[in-house]
Amino acid sequence: MVCGGSLAGSATALLLLRSMPGLRVAILEKSMRFPRRVGEATVEISGYFLGRILGLTRHLNDAHLTKQGMRFWFSNEQASDLGSCSEVGGRYLTRMPSWQVDRSVLDEEVLREAVAAGATLLRPAKALRVKLEAGGRQVVEAEQDGQRRLVTGRWVVDASGFAALLARQEGWWQRNEAHPTTAVWARWRGV
């Protein structure tokens with residue numbers, strides 16, 4: 001059972017089902033649709049994973065922007081679309097492409113692929129608590145359609161992202177002060 005259906009959770013389910021087609025995998029996803037996120041992009045290694053390992057090259061090329069390393073676009077009043085913006089970036093093509101992605105679209109596609117491979121999707125279903133038992137049956141208490149339900153399985157994958165369901169529940173979660181990260185974006189006028 002996988003708690004969280006965005007990229008990490010659905011990719012895990014997809015890879016498990018591809019390697020063991022008879023496996024029963026349930027994905028619990030709390031949202032009805034994934035939210036938009038700002039500034040999501042791949043680098044070559046994640047592009048390799050998404051394109052070659054997950055087999056999403058066609059989807060990435062059709063639904064996202066191919067990029068060649070870091071690229072920047074600048075607009076003004078005459079720029080009506082991305083193609084008419086000024087662009088700064090590398091001059092030569094890299095051997096392994098990367099993409100500027102719309103994460104909500106990518107997450108939905110990987111989740112769709114996991115379901116097509118045989119995963120059972122519970123959506124919206126929020127994992128509330130996990131009862132862990134060594135070598136036994138794992139139980140996830142979930143809320144779906146305003147009702148509490150128990151979902152059981154031999155294994156639990158916590159792909160709940162920032163919620164860090166298991167880490168917080170078990171007291172394992174620690175703030176990483178040694179490697180602070182952040183993302184910033186902005187739009188300026190008249191600069």
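Which residues in α1 meet which residues in α4?

1. Basis. This is a predicted model, where local features need pLDDT of at least 70, side-chain atom pairs count only at pLDDT 80 or more, and totals for chains, interfaces and linings use all residues. Numbering starts from 1 along each chain as its sequence is written, and side-chain values use heavy atoms, with hydrogens and water left out.

2. Helix contact. From α1, Leu 7, Ser 10, Ala 11, Ala 13, Leu 14, Leu 17 and Arg 18 meet Arg 103, Asp 107, Val 110, Leu 111, Glu 113 and Ala 114 of α4. Contact means heavy atoms within 4.5 Å. Helices are DSSP runs (H or I, at least four residues), numbered from the N terminus. By class, this contact has eight nonpolar, one polar and four charged residues.

3. Helix geometry. α1 and α4 pack at about 25 degrees, with axes 8 Å apart. Axes are lines fitted to C-alpha atoms over the stretch in contact, and angles run from 0 to 180 degrees between N-to-C directions. The two helices are therefore roughly parallel (angles under 35 degrees).

4. Main core. The largest nonpolar core has 21 residues; among those touching the most other members are Ile 27, Leu 54 and Leu 106. Such a core joins buried Ala, Val, Leu, Ile, Met, Phe, Trp, Tyr and Cys residues through side-chain atoms within 4.5 Å. Buried means under 20% relative accessible area (1.4 Å probe, protein chains only). α1 (7-19) and α4 (103-116) each supply at least two residues of this core. α1 gives the most, with five.

Key. Buried means under 20% relative accessible area, exposed over 50%, partly exposed in between (1.4 Å probe, protein chains only). Angles under 35 degrees count as roughly parallel, over 145 as roughly antiparallel, 65 to 115 as roughly perpendicular and the rest as oblique. Ala, Val, Leu, Ile, Met, Phe, Trp, Tyr, Cys and Pro count as nonpolar, Asp, Glu, Lys and Arg as charged, and the others, Gly among them, as polar.
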